[in-house]
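Please read it alongside the sequence and coordinates.

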Amino acid sequence: QVQLVESGGGLVQAGGSLRLSCKLSGSIFRFYNMGWYRQAPGKERELVADISTSGSTNYAGAVKGRFTISRDNAKNTVDLQMNSLKPEDTAVYYCNAQWGSGYWGQGTQVTVSS
């Protein structure tokens, strides 16, 4: 069964950086389109960035130019490098894998203090 495990969240000051990582197990990673989503308190879950099986990337307007998504098919991981963090980036960040069915990680908290 597919499992996604996120790591790398934490507390950072505005302007700082964090790197999130998500490891997929239980299936063949390279077949999955991967994405990072986030959900702030009182708000709906939203797409942050995604990366296709071929490596094409897509970013939400709010993070474009600050965040970078990447994947390593040899390590079964997808990372999200987050730079120039803002308080409005505070949310629980979720990893998502899509190949027919969709799968979610448990989420990791990112808190950006002003």
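**Notes on sheet, core and aromatic contacts**

1. Strands E3 and E8 run antiparallel and are joined by six bridges; two strands pair if DSSP finds at least two bridges between them. Strands are DSSP runs of at least two residues (E), numbered from the N terminus. Arg 19 stands opposite Gln 81 in E8.

2. This is a predicted model, in which local features need pLDDT of at least 70 and side-chain atom pairs count only at pLDDT 80 or more, while totals for chains, interfaces and linings use all residues. Residues are numbered from 1 along each chain as its sequence is written, and side-chain values use heavy atoms, with hydrogens and water left out.

3. The open sheet has four strands in the order E1-E3-E8-E7, with antiparallel pairing. Strand E1 (3–7) and E7 are at the edges with a single partner strand each, so one side of each lacks a neighbour in the sheet.

4. Tyr 37 and Trp 104 form an edge-to-face aromatic pair, 5.0 Å centre to centre with 70 degrees between the planes. (Rings of Phe, Tyr and Trp, the last by its six-membered ring, pair if their centres lie within 6.5 Å; planes under 30 degrees apart count as stacked, over 60 as edge-to-face and the rest as tilted.) Tyr 37 is in strand E4 and Trp 104 in strand E10 (residues 101–104), 67 residues apart.

5. Tyr 94 and Trp 104 are also an edge-to-face pair, at 6.4 Å and 90 degrees. Phe 31, Tyr 32, Trp 99 and Tyr 103 form one aromatic cluster.
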